[in-house]
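Biologist: Please put the model up. I would like to go through a helix pair and the ligand surroundings.

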Amino acid sequence: IDRYCVFGHPVGHSKSPAIHSAFAEQTGEHLEYTAIEAPLDDFAGAWRAFVAEGGRGANVTVPFKEAAFGLCDTLSERARRAGAVNTLILGGNGLTYGDTTDGVGLVRDLKRHEVHLAGARILVLGAGGAVRGVLEPLLTEGPASVRIANRTAAKATALAEDFGDLGTIGGGGFAAVEGPFDLVINGTSASLAGDLPPLPDALFAAGATAHDMMYGAEPTVFLRWAAERGARPVDGLGMLVEQAAESFFQWRGKRPDTAPVLEALRRSL
Ligand code: ATR
């Protein structure tokens with residue numbers, strides 16, 4: 001049986017085994033997908049051991065996305081730009097290929113919500129690894145502009161410079177944010193602490209969408225704040241399922257139907 005897994009630390013809470021098992025059942029693919037807690041100091045060793053036991057591919061989550069990037073023999077262009085890998089694929093030649101599907105997952109979920117990215121004025125909050133991973137797919141959709149705002153303004157400015165060749169993109173601190181925006185994406189980890197970045201009240205254009213990469217049984221503090229100001233809230237559960245579907249496609253060449261899997265996952269929160 002072909003083996004796949006998600007590597008994380010911790011990894012017990014991961015929804016990936018449930019998602020990929022559902023995809024496998026739906027598409028008739030015979031595979032096993034488990035969660036493996038890799039040691040913090042030897043991610044490469046964990047991957048090699050998994051391959052020795054029949055592993056064909058893996059998802060990679062916190063805190064190993066940069067370590068996974070470092071061990072790959074070849075990388076997709078989007079993984080190279082992201083500086084991170086969330087999908088490992090064992091090639092027939094025994095080489096390890098790395099890809100990142102987070103950004104394409106975000107874009108697919110936004111399209112599923114009928115968000116028009118072409119021509120949109122987009123604000124992205126945060127300048128860490130999660131944001132770096134989605135900028136290339138977002139810019140490829142042809143937005144009017146992308147603004148990055150971060151608590152540490154210099155990180156946002158540097159990130160905008162790294163992606164400046166792909167479109168109109170700028171960065172700075174929260175205080176410099178000037179709306180309106182058609183789409184605001186929260187890629188900070190502030191929601192985890194129940195914090196809200198300091199943002200102006202007049203942030204959203206008419207018909208705007210607010211997306212939080214986080215999700216939970218209850219809306220995040222950012223999504224509640226956004227909904228009170230008239231934006232349509234979308235949490236990160238759809239992005240999670242869509243990035244998984246893209247990884248599954250990379251491994252098996254089949255595209256699962258994400259809607260029923262997302263629905264079941266939503267009910268289980
Ligand atoms: P990730 O891989 O999830 O992106 P990260 O690289 O550590 O993790 O980045 C976390 C992001 O959340 C950063 O943009 C961070 O802001 P700083 O660069 O100023 O540290 C942001 N962040 C974390 N906690 C925050 C808070 N309470 N308020 C605002 N921003 C926060």
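Biologist: Which residues of H6 does H5 meet?

Modeller: This is a predicted model, in which local features need pLDDT of at least 70, side-chain atom pairs count only at pLDDT 80 or more, and totals for chains, interfaces and linings use all residues. Residues are numbered from 1 along each chain as its sequence is written. Helices are DSSP runs (H or I, at least four residues) numbered from the N terminus, and contact puts C-beta atoms, placed from the backbone, within 7 Å. From H5, Asp102, Gly103, Val104, Leu106 and Val107 meet Gly133, Val134, Glu136, Pro137 and Leu138.

Biologist: Are H5 and H6 parallel, antiparallel, perpendicular or oblique to each other?

Modeller: The axes, lines fitted to C-alpha atoms over the stretch in contact, lie 7 Å apart at an angle of about 55 degrees, on a scale from 0 to 180 degrees between N-to-C directions. Angles under 35 degrees count as roughly parallel, over 145 as roughly antiparallel, 65 to 115 as roughly perpendicular and the rest as oblique. H5 and H6 are therefore oblique.

Biologist: Which helix gives the largest share of the shell around the ligand?

Modeller: The ligand is surrounded by 16 residues (C-beta atom, placed from the backbone, within 6 Å). Among the closest are Gly128, Gly129 and Ala130. The largest share, 3 residues, comes from helix H6 (residues 129-140).

Biologist: What is the average pLDDT of the protein?

Modeller: pLDDT is the predictor's confidence in each residue, from 0 to 100. A score of at least 70 is reached by 100% of the residues, and the average is 97.

Note on methods
Helices (H or I, at least four residues) and strands (E, at least two) are DSSP runs, numbered from the N terminus. Two residues are in contact if their C-beta atoms, placed from the backbone, lie within 7 Å.
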